[in-house]
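Biologist: I would like to learn how to read a structure feature by feature. Could you take me through one?

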Amino acid sequence: MRRALPADAVTIFAIDGLPEIHPGDDLAGVLGEALDGIAEAGDILVITSKIVSKAEGRIVEAADREDAITAETRRVVASRRHPGGITRIVETRTGLVMAAAGVDASNVPDGTVALLPLDPDASALALATALRARLGVDLGVILSDTFGRPWRDGQTDVAIGAAGLHVVDDLRGSTDTQGRVLEVTVPAIADELAGAADLVKGKAAGRPVAVVRGLGRFVTGLDAPGASRLIRSAELDMFRLGSDEADRQGYERGRTEGRAEGQAEAYDEGYAAGFAEGSAESEQTDPVED
């Protein structure tokens, strides 16, 4: 005899049968119809950001994808040449640090690329507001996109936009099973849910929306901070530049300081200081967390 699932079980399932989304489509209406009779209070919807981009008209013609990446870039974090071209890790205009500024040529017409939503948190909020009103239940919304990770091969989905849920679970000040006080433990709930939901959505299955059920404790008011809460500030970012970029900035700073002094000795000292600073920045390590 099969045992019933525990009361605290979490289930994740994809929504089938969604139509292709085009610019100008009422995405909230499409999702509301698909979720009618399915959605429950406390559900969290994880929506692939590309269908939001499509509905918002963020599909643009691009003869050269690299030009589109440049246009979406605020700052180059790191770049590497390889036989297939060049890979750029950049900071987007919304502060996300990711490969190619999220510009994607998959699942869009030839000769076009999809850009990320202009304001992913605002897009998530609009969807959460409309869906709560239509379905009559409180639910959370996450917009997800695929990220690579430093020091780890492969990719996973993370939250780039969110509304109606706690994007982190701040455990600082609580104790572990041994009675030790937790000082830095803040699980990124929205990112964990985005990654888990991608297991049932898939990249090539044509199922861009998943429902996470059983974590209603994280669903909250629509005034909660969005996924931008997850972006680490520049002051706390120990890996703000790639090693080549940090070294280059150190070199240029040393060169500038040396020239300003107008003396060979000052130039040499400035160069050495700048080079040392750039090298030190590239060797810093992440703080140890609980």
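This is a predicted model: local features need pLDDT of at least 70, side-chain atom pairs count only at pLDDT 80 or more; totals for chains, interfaces and linings use all residues.

Biologist: Which residues of H4 are buried?

Modeller: Pro120, Asp121, Ser123, Ala124, Leu127, Ala128, Leu131, Arg132 and Leu135. They span an arc of only 155° around the axis, so they sit on the same side of H4.

Biologist: What is the general idea behind that spacing?

Modeller: An α-helix has 3.6 residues a turn, so residues three or four places apart point the same way.

Biologist: What covers the buried residues of H4?

Modeller: The cover includes two helices, H1 (27-35) and H2 (49-55). It also includes strands S2 (44-48), S8 (140-149) and S9 (152-163).

Biologist: And just after H4, what does Gly136 do?

Modeller: Gly136 takes a positive phi, about 75°.

Biologist: Next, aromatics. How many aromatic pairs does the structure hold?

Modeller: One. To read such a pair, look at the distance between ring centres and the angle between planes. An angle over 60 degrees counts as edge-to-face. Here Trp151 and Phe239 lie 4.9 Å apart, centre to centre, with 80° between the planes. The pair is therefore edge-to-face.

Biologist: Where in the chain do Trp151 and Phe239 lie?

Modeller: Trp151 is in the loop between S8 and S9. Phe239 is in the loop between strand S10 (209-213) and helix H6 (243-261). They are 88 residues apart, so the pair links distant parts of the chain.

Biologist: Is Trp151 buried or exposed?

Modeller: Trp151 is exposed, at 63% relative accessible area. Phe239 is partly exposed, at 27%.

Biologist: Now charges. How many salt bridges does the count come to?

Modeller: The count is 16. Take Asp16 and Arg207: their closest N and O atoms are 3.0 Å apart. Asp16 is in the loop between strand S1 (11-14) and H1. Arg207 is in the loop between helix H5 (189-201) and S10. The two are 191 residues apart. Asp16 is exposed at 54%, while Arg207 is partly exposed at 26%.

Biologist: Which residue meets Lys54 in a salt bridge?

Modeller: Glu20, at 2.7 Å from N to O. Lys54 belongs to helix H2, and Glu20 to the loop between S1 and H1, 34 residues apart. Lys54 is buried at 9% relative accessibility. Glu20 is partly exposed at 49%.

Biologist: And which residue does Lys50 meet in a salt bridge?

Modeller: Asp104, at 2.8 Å from N to O. Lys50 is also in helix H2. Asp104 is in the loop between strands S6 (97-99) and S7 (112-114). That places the partners 54 residues apart. Lys50 counts as buried, at 12%, and Asp104 as partly exposed, at 28%.

Biologist: Which residues are linked in a network of salt bridges?

Modeller: Arg74, Arg75, Glu91 and Arg240.

Biologist: Last one. Where is Pro23 found?

Modeller: In the loop between S1 and H1. Pro23 is exposed, at 54% relative accessibility. Beyond its neighbours within four places in sequence, Pro23 is in contact with Lys54, Ala55 and Gly57. Compare sequence with space for Pro23 and Arg58: 35 residues apart in sequence, 7.8 Å apart from C-alpha to C-alpha.

How values were computed
Residues are numbered from 1 along each chain as its sequence is written. Side-chain values use heavy atoms; hydrogens and water are left out. Buried means under 20% relative accessible area, exposed over 50%, partly exposed in between (1.4 Å probe, protein chains only). Helices (H or I, at least four residues) and strands (E, at least two) are DSSP runs, numbered from the N terminus. The arc is that of the directions from the helix axis to the C-beta atoms. Contact means heavy atoms within 4.5 Å. Rings of Phe, Tyr and Trp (its six-membered ring) pair if their centres lie within 6.5 Å; planes under 30 degrees apart count as stacked, over 60 as edge-to-face and the rest as tilted. A salt bridge is a side-chain nitrogen of Lys or Arg within 4 Å of a carboxyl oxygen of Asp or Glu.
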